[in-house]
Amino acid sequence: MQSMNGGGLVIALVIVGFVVRQQLRIRPVRRNVSLIVPVLGVLGAALIALGIASVVKEHSLTALPVVLLEVLASLAVAGLFGAVRARTVRIWREPRGEVLRQGAVATTGLWVASVAVHAGLALWTDHAAGTGSLGAASLYAYLAIGLGTQNLLVRRRAVAL
């Protein structure tokens with residue numbers, strides 16, 4: 001993710017660290033979507049749009065379909081990682097009836113692997129685009145899709161209890 005400046009990289013690492021830390025805490029399973037998923041989604045969509053604009057500005061439109069396909073593949077990988085991580089989250093019902101959740105060591109490992117895979121896909125996308133902005137720009141959308149998928153599947157499992 002060569003194009004992400006120092007400040008952007010620090011913000012991304014703080015967000016990833018916060019998400020991973022939250023995974024390890026015992027907390028209630030919410031019925032609705034947490035605020036972080038839509039915020040990351042909007043930020044991710046905006047940054048992808050800016051990244052696409054930078055690709056089109058510097059290169060012909062012929063490179064754009066390949067780059068967009070690579071971004072979509074990256075986002076599909078995010079959903080797959082989210083689905084696998086959801087299976088590693090422990091869910092139980094307290095005697096009072098509240099449903100709780102807690103991620104395991106495997107959940108953390110899958111988060112680390114997911115971010116590493118995204119970094120590799122981002123480098124690949126930026127190489128294909130010939131510019132260093134689109135791959136890194138998709139990180140927030142990647143996190144939103146992965147976390148959103150994981151949370152949706154955890155909530156589905158919680159309802160079944």
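Colleague: How many aromatic pairs does the rule give?

Modeller: The count is zero aromatic pairs. Rings of Phe, Tyr and Trp (its six-membered ring) would have to have centres within 6.5 Å to pair. Please note that this is a predicted model, in which local features need pLDDT of at least 70 and side-chain atom pairs count only at pLDDT 80 or more, while totals for chains, interfaces and linings use all residues. Residues are numbered from 1 along each chain as its sequence is written, and side-chain values use heavy atoms, with hydrogens and water left out.

Colleague: What makes Arg85 a charge over the face of Trp111?

Modeller: The criterion asks for NZ of Lys or CZ of Arg within 6 Å of the ring centre and within 35 degrees of the ring normal. Arg85 lies over the Trp111 face at 3.6 Å from the ring centre. Likewise, Arg90 is placed over the face of Trp92, 3.9 Å from the ring centre.

Colleague: Why are β2 and β3 called paired strands?

Modeller: Strands are DSSP runs of E with at least two residues, numbered from the N terminus, and two of them pair if DSSP finds at least two bridges between them. β2 and β3 have four bridges, in the antiparallel sense, and therefore meet that definition. Within this pairing, Arg90 stands opposite Gln102 in β3. The two strands form a hairpin with five residues between them, and Gly97 in the turn has a positive phi of about 105°.

Colleague: How do you know that β1 belongs with β3?

Modeller: β1 and β3 (residues 99-102) pair over two bridges, again antiparallel, with Arg27 opposite Arg101.

Notes. Rings of Phe, Tyr and Trp (its six-membered ring) pair if their centres lie within 6.5 Å; planes under 30 degrees apart count as stacked, over 60 as edge-to-face and the rest as tilted.
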